[in-house]
Amino acid sequence: MSLENLTTYGGTIHPKLLRSAKGSSEKRFGLNFPTGEDTTNGYFSKVSGNRLLMNNLKQLLLTEKGERIMLPNYGVNIRRYLFDPFDEDTFLGMQEEVLEAIAINLPTARVVKFGIYGLDEAELYGSPQMRISLTVQDVSVDETVEVEVTLK
């Protein structure tokens, strides 16, 4: 059934009302991360779309729970796994931690691909480090973004 055939109280709907009833998705904006990176648009530059989703994911993954004062549950406690043996149990714990944080804090994001890789210790003078690789789809605008974060 199309909107043109609908009637209200016996009269047809005015075309101006039909246009407003269709709606439009609001575009979301946020600050560029890290701040000051884009010197051409000012210290606090505005971003949207894929760049905003990528920034939000990086902020979420690089923030420890309890680190932000007004948002104590924001973030991921993933650094606690750095010194654990890199086996299936550790991987499943990290995966659960990351996916739960994304589901709570970024409700429009859907993880399509997830990977955690242990890196060679020689890169950082013997300190353990890992790389988290995500492919995430923003379901509100149907765009996909790939993010890689290295934890040291």
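**Entry 1: the chain overall**

I counted the secondary structure of the protein chain and got 3 helices and 7 strands. Helices (H or I, at least four residues) and strands (E, at least two) are DSSP runs, numbered from the N terminus. The model is predicted, so I note that local features need pLDDT of at least 70 and side-chain atom pairs count only at pLDDT 80 or more, while totals for chains, interfaces and linings use all residues. Residues are numbered from 1 along each chain as its sequence is written, and side-chain values use heavy atoms, with hydrogens and water left out.

Reading along the sequence, I wrote down the pattern β-β-α-β-β-α-α-β-β-β.

I then looked up burial. Of the 152 residues in the protein chain, 30% are buried. Buried means under 20% relative accessible area, exposed means over 50%, and partly exposed lies in between (1.4 Å probe, protein chains only).

The protein chain exposes about 10400 Å², and carbon and sulfur atoms supply 52% of that area. Accessible areas come from the Shrake-Rupley method with a 1.4 Å probe; for residues, only the protein chains shown count as cover.

I also checked contacts, where contact means heavy atoms within 4.5 Å. Among contacts between residues at least 6 apart in sequence, 38% join residues at least 24 apart.

**Entry 2: helices α2 and α3**

I looked at how helix α2 (residues 50-62) packs with helix α3 (residues 88-105). The angle is about 130°, and the axes are 11 Å apart. Axes are lines fitted to C-alpha atoms, for helices over the stretch in contact, and angles run from 0 to 180 degrees between N-to-C directions. That angle makes α2 oblique to α3. Angles under 35 degrees count as roughly parallel, over 145 as roughly antiparallel, 65 to 115 as roughly perpendicular, and the rest as oblique.

α2 passes α3 in a right-handed crossing. A crossing is right-handed if the near helix is turned clockwise from the far one by less than a right angle, and left-handed if anticlockwise.

Which residues make the contact? From α2 I listed Leu57, Leu60 and Leu61, and from α3 Val98, Ala101, Ile102 and Asn105. By class, the contact has 6 nonpolar, 1 polar and no charged residues. Ala, Val, Leu, Ile, Met, Phe, Trp, Tyr, Cys and Pro count as nonpolar, Asp, Glu, Lys and Arg as charged, and the others, Gly among them, as polar.

**Entry 3: Ile102**

I picked Ile102, which lies in helix α3. Is Ile102 buried or exposed? Ile102 counts as buried, at 1% relative accessibility. Leaving aside neighbours within four places in sequence, Ile102 is in contact with Leu57, Leu60, Pro107, Ala109, Val111 and Leu134.

Asn50 is in helix α2 and counts as partly exposed, at 31% relative accessibility. Beyond four places in sequence, I found Asn50 in contact with Glu143, Thr144 and Val145. Asn50 and Val136 are 86 residues apart in sequence, and 9.8 Å apart from C-alpha to C-alpha.

Thr135 is in strand β6 (residues 130-138). Thr135 is buried, with a relative accessible area of 12%. Leaving aside neighbours within four places in sequence, its contacts are Arg110, Val111, Val112, Lys113, Thr144, Val145 and Glu146.

**Entry 4: Asp84**

Last, I found Asp84 in the loop between α2 and α3. Asp84 is partly exposed, with a relative accessible area of 36%.
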